[in-house]
Amino acid sequence: MKTVSLDTFIARAAESPLALARLAGILFNIGDKPRARAVALQALAAAPNDPEVKSRTADVLSNGVPNWHFRIVRDQARNAAYEAALQRSVTSQTKVLEIGTGTGILAMMAARAGAEQVVACEMMPAIAETAQDIVARNGFADRVQVVAKKSTDLYAEADLGGPADLLVSEIISNNMLGQDVLPITEHAVKELLRPGAKVIPARGVVRVALARDAELRPLDTIAGFDLSPFNRLAADPRLVERGARRLTLLSAPADLFIFDFQSGGPFPAATATATVSSTGGQANGIAQWIALQMDDTGWYENNPVPGSSSAWGVLFWPLVSPRDCPAETAVTIWGSHDRHRLRIWA
């Protein structure tokens with residue numbers, strides 16, 4: 001029985017974009033993800049407006065790509081804060097390193113600000129490949145290079161052509177730490193930047209306030225059954241969209257942690273406390289958000305102002321039980337971290 005090589009099969013399928021799209025799905029399902037992605041891109045290039053081809057290739061091309069990539073670049077306040085900081089720091093002699101480029105928008109902002117060279121790293125090959133396409137489409141391919149590596153796998157001389165003068169990144173999660181910003185920044189400052197290089201953002205602040213979430217409803221008796229033990233399986237914290245009117249702050253904000261990215265660490269891991277004075281009301285949790293100090297001038301903060309919006313959400317850490325807080329009540333909020341996750345309680 002004559003066998004047909006996979007390359008021959010792909011060549012035959014090239015006459016039909018839909019056949020290529022179906023083949024991409026088969027390759028993906030058997031674990032050949034790099035070739036599946038290449039075949040999917042070939043199918044999409046041949047029939048960019050075919051709805052079935054788009055649907056089938058999307059299953060392959062979107063795999064593992066976090067949805068927040070699409071949300072975060074639409075945050076105009078965030079974009080403006082980063083671009084203003086880059087414009088204040090970049091000169092025509094600046095070599096910029098960006099970690100976690102995603103769409104490539106920050107790398108292109110650095111180039112638009114006049115940087116001599118920008119190296120942007122991205123650990124997901126599919127995203128890195130697409131970011132390089134975006135860079136070329138926008139006319140910055142002569143100054144922006146996308147490297148498909150983790151930043152911790154980069155070498156200053158081999159990958160950057162020497163230590164960088166400025167690091168810009170946005171590997172920051174709702175709790176500040178979830179994308180390993182501390183160890184990654186620590187490594188970059190030590191191994192990839194020249195002494196005294198600038199870091200954007202320079203500092204990150206974790207802010208907290210006593211709060212009430214009107215939609216926090218633990219399970220109790222439902223359909224005549226006591227389901228309350230199931231509450232111990234609920235994950236903490238809960239994500240609340242910034243600006244949601246369900247959330248009411250009952251105290252002034254307090255800074256729980258301040259991380260100095262500019263220095264590159266070491267970052268404190270000890271438990272910290274902050275005392276807040278209640279304006280009165282029943283609290284059922286602690287609201288936590290982030291503030292980024294871009295440089296000596298610029299800030300970005302996703303504080304939960306009603307009606308506002310942000311690419312980052314506010315995290316809500318429920319109290320063990322609701323508590324009445326008369327005006328001027330002092331409440332101690334505690335926090336700890338292990339460099340990757342936060343823990344907050346009162």
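Predicted model: local features only at pLDDT ≥ 70, side-chain atom pairs only at ≥ 80, totals over all residues.
A search of the whole structure turns up 16 salt bridges, where a salt bridge is counted when a side-chain nitrogen of Lys or Arg is within 4 Å of a carboxyl oxygen of Asp or Glu. Residues are numbered from 1 along each chain as its sequence is written, and the side-chain values use heavy atoms, with hydrogens and water left out.

Let me begin with helix α4. Helices (H or I, at least four residues) and strands (E, at least two) are DSSP runs, numbered from the N terminus. Here E52 forms a salt bridge with R56, with the closest N and O atoms 3.0 Å apart, and the two residues are separated by about one helical turn because they are four residues apart in α4, which covers residues 51-61. E52 is partly exposed at a relative accessible area of 32%, and R56 is also partly exposed, at 34%; by definition, buried means under 20% relative accessible area, exposed over 50%, and partly exposed in between, with a 1.4 Å probe and protein chains only.

What else can we say about the faces of α4? V53, T57 and V60 are buried in this helix, and, seen down its axis, the buried residues fall within an arc of 40°, so they line one face of the helix; the arc is that of the directions from the helix axis to the C-beta atoms. On the other side of α4, P51 and D59 are exposed.

R339 is partly exposed at 22%, as is E186 at 24%.

R207 is buried at 15%, whereas D255 is partly exposed at 37%.

Now to the cysteines: how many disulfides are there? The count is zero, taking a disulfide to be a pair of cysteine sulfur atoms within 2.5 Å. C121 is buried at 2% relative accessibility, and C325 is buried, also with a value of 2%.

Finally, there is one cavity of 30 Å³ or more, a cavity being, on a 1 Å grid over the protein atoms alone, a set of points where a 1.4 Å probe fits but cannot get out, with lining residues having an atom within 4 Å of a point. The largest cavity has a volume of about 40 Å³, the volume being the space filled by probe spheres set on the points, which are joined across faces, edges and corners. Its lining includes L167, I172, T185 and F261, and β4 (164-169), α10 and β5 (193-200) each supply at least two lining residues.

Notes:
1 Å grid on protein atoms, 1.4 Å probe; cavity = no way out; pocket = protein on both sides within 12 Å on 5 of 7 lines; lining within 4 Å.
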